Amino acid sequence: MRAHRLVPALLVVIAVLAAAGCSRLTFVKPSAARGDSEQVAPVYDFSEGSRRGNDQGSVRAHLLRGEQALHQGRVDDAEAEARKALKIDDDSELAHTLLALALDRQGRAADAGRHYARAAELAPASGAALNNYGSWLCLNGRAPESLAWFDRALADPGYASPA
């Protein structure tokens with residue numbers, strides 16, 4: 001009778017010891033080699049030496065500061081940051097969009113429209129840029145003209161919010 005009671009306890013002890021011994025995985029030697037895998041994610045280099053031509057890091061910094069200012073209601077600061085970004089890179093679709101948003105909030109619709117149009121021109125396949133310009137056209141009495149821009153925005157398969 002007593003032997004039957006020892007068998008389950010002995011099995012538990014053996015299982016615990018086996019699990020403890022395997023937990024270190026000392027017998028597995030991981031390899032740092034990549035093997036035959038294919039890299040699909042882009043490689044980003046944020047080092048100082050990675051910048052070529054104009055200083056894209058500064059453009060991003062101005063855009064981030066401008067966006068933050070806009071969210072905080074500091075529209076003049078947002079405009080100033082967008083203009084600083086455009087001095088560095090006049091072909092920045094995002095800088096034109098930020099400037100357009102700031103100008104729109106200041107009640108300068110005509111100036112804003114020029115920058116929305118420029119952003120759409122710089123990024124003709126960007127659903128967001130095309131939709132922004134279409135929305136501006138619609139809100140400024142040019143609804144029939146805006147429909148073509150909305151259609152172009154919908155054609156962007158990567159457009160996150162077509163609704």
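Helices α3 and α4 are roughly antiparallel to each other (an angle over 145 degrees, on a scale from 0 to 180 degrees between N-to-C directions), since the axes of α3 (residues 75-88) and α4 cross at roughly 155° and come within 8 Å. The model is predicted, with local features requiring pLDDT of at least 70 and side-chain atom pairs counted only at pLDDT 80 or more, whereas totals for chains, interfaces and linings use all residues. Residues are numbered from 1 along each chain as its sequence is written, and side-chain values use heavy atoms, with hydrogens and water left out. Helices are DSSP runs (H or I, at least four residues) numbered from the N terminus.

In contact (heavy atoms within 4.5 Å), Val75, Ala78, Glu79, Ala82, Arg83, Ala85 and Leu86 of α3 meet Ala95, His96, Leu98, Leu99, Ala102, Leu103 and Arg105 of α4. By class, this contact of α3 with α4 comprises 10 nonpolar, 1 polar and 3 charged residues, where Ala, Val, Leu, Ile, Met, Phe, Trp, Tyr, Cys and Pro count as nonpolar, Asp, Glu, Lys and Arg as charged, and the others, Gly among them, as polar.

Helix α4 (residues 93-105) also packs with α5 (residues 109-122), at an angle of about 160° and with the axes 8 Å apart, and α4 and α5 are therefore roughly antiparallel to each other. Their contact, to which α4 contributes residues including His96, Leu99 and Leu103 and α5 residues including His115, Tyr116 and Leu122, has 9 nonpolar, 3 polar and 4 charged residues.

Arginine 152, in helix α7 (residues 143-154), touches Pro124 and Leu130 when residues up to four places away in sequence are not counted.

Definitions and conventions: Helices (H or I, at least four residues) and strands (E, at least two) are DSSP runs, numbered from the N terminus. Angles under 35 degrees count as roughly parallel, over 145 as roughly antiparallel, 65 to 115 as roughly perpendicular and the rest as oblique.
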